[in-house]
Amino acid sequence: MRRLMLYWFKIQANKSARVILSPHFTSSEVLDIIHCYWKRYLKLIPDVPSLPTIGGTLMIHLAAMSTGFHQELRARGKSEETTTQLFYEIAWKIYQKMGSFCWWLAGWSNRSSYVKLLRATKLFRAFPFNSPAYRWKDVEVENNVVGFDCLKCSVAEYFQTKGLSRFCVNTWCALDFPLAEIWDARLERTGSIAGGASKCDFRWVTKPKKNI
């Protein structure tokens, strides 16, 4: 199952990379980047920690793939800022598909906006962001808010070992904000583990319905 899902992500990443990288590189360079970043990922695999669940294992391997991409673009002379932006755009195309599918599942029975948001966040916390790779704590919030804290993030821990915490904050962590828009919500978060905070305080605020 893990290999199958990683293969899906590889296909999606390659498709997105061709689109995002094409304005910055020639066609042959894009193909070479895709080939070389994957080789870098394969070299990183021996150091990827072993996790007990499919979801946690998948996420940590995707973090290693992200690291390989970062290494490849930096080796080609791209600045940290450009590398981060290009990866963010590639990753968003994939995350958008994941989030949209989850949102569709959450609303199959015509749930209210709040209940749908609650279900969508629970689905993500059940897979792929599940325990023990991630540790969650529900908190009391206002009626229109879904709130919980992330107290452990194996992906943030992995990026820290590679000296890429800032890269993690500006890519993986940053993707949660446009994800909230897909889920008809607004994300409020004051800090993240990757950014040096003790927790990621997720507060998903349901958007009020527009009057027609």
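Q: Contact means heavy atoms within 4.5 Å; with that in mind, which strands does helix α5 lie across in this predicted model?
A: The model is predicted, and in it helix α5 (residues 113-126) lies across β1, β2, β3 and β4. Its direction makes an angle of about 10 degrees with β2. Helix α6 (residues 154-161) lies across β1 and β2, and runs at about 45 degrees to β2.

Q: In what order do the four strands form their open sheet?
A: Reading across the sheet, the order is β1-β2-β4-β3, with antiparallel pairing. β1 (134-138) and β3 (185-188) are the edge strands, as each pairs on one side only. Direction ignored, neighbouring strands are turned by 25 degrees against each other on average.

Q: What joins β2 to β1?
A: Five bridges do, and the two strands run antiparallel. They form a hairpin, with six residues between them. Here Lys-137 stands opposite Asp-149 in β2.

Q: What makes β2 "mostly covered"?
A: Of its nine residues, seven are buried.

Q: Why is Cys-168 called buried?
A: The word applies under 20% relative accessible area. Cys-168 has 2% relative accessibility, so it counts as buried.

Q: Is Cys-200 buried or exposed?
A: Its relative accessible area is 8%. Being under 20% is what counts, so Cys-200 is buried.

Q: Why is Asp-184 called partly exposed?
A: Partly exposed lies between the limits for buried, under 20%, and exposed, over 50%. The relative accessible area of Asp-184 is 39%, so this residue falls in between.

Q: What makes the phi of Asp-184 worth a look?
A: Most residues other than glycine have a negative phi. The phi of Asp-184 is positive, near 55 degrees, and this residue is not a glycine. Look for Asp-184 in the loop between α8 (176-182) and β3.

Q: Which residues does a cis peptide bond join to Pro-128 and to Pro-132?
A: Phe-127 is joined to Pro-128 by a cis bond, with omega about 10 degrees. Ser-131 is joined to Pro-132 by a cis bond, with omega also about 10 degrees. Most peptide bonds are trans. Pro-128 is in the loop between α5 and β1, and Pro-132 is in the loop between α5 and β1 as well.

Q: Which residues have the most contacts inside the largest nonpolar core?
A: They are Leu-21, Trp-172, Trp-183 and Trp-204, in a core of 66 residues. Helix α4 (residues 80-106) supplies the largest share, 12 residues. Leaving aside neighbours within four places in sequence, Trp-172 is in contact with several residues, including Met-59, Phe-87 and Phe-159.

Technical notes
Residues are numbered from 1 along each chain as its sequence is written. This is a predicted model: local features need pLDDT of at least 70, side-chain atom pairs count only at pLDDT 80 or more; totals for chains, interfaces and linings use all residues. Side-chain values use heavy atoms; hydrogens and water are left out. Two strands pair if DSSP finds at least two bridges between them. Axes are lines fitted to C-alpha atoms, for helices over the stretch in contact, and angles run from 0 to 180 degrees between N-to-C directions. Contact means heavy atoms within 4.5 Å. A nonpolar core is a set of buried Ala, Val, Leu, Ile, Met, Phe, Trp, Tyr and Cys residues joined through side-chain atoms within 4.5 Å. Buried means under 20% relative accessible area, exposed over 50%, partly exposed in between (1.4 Å probe, protein chains only).
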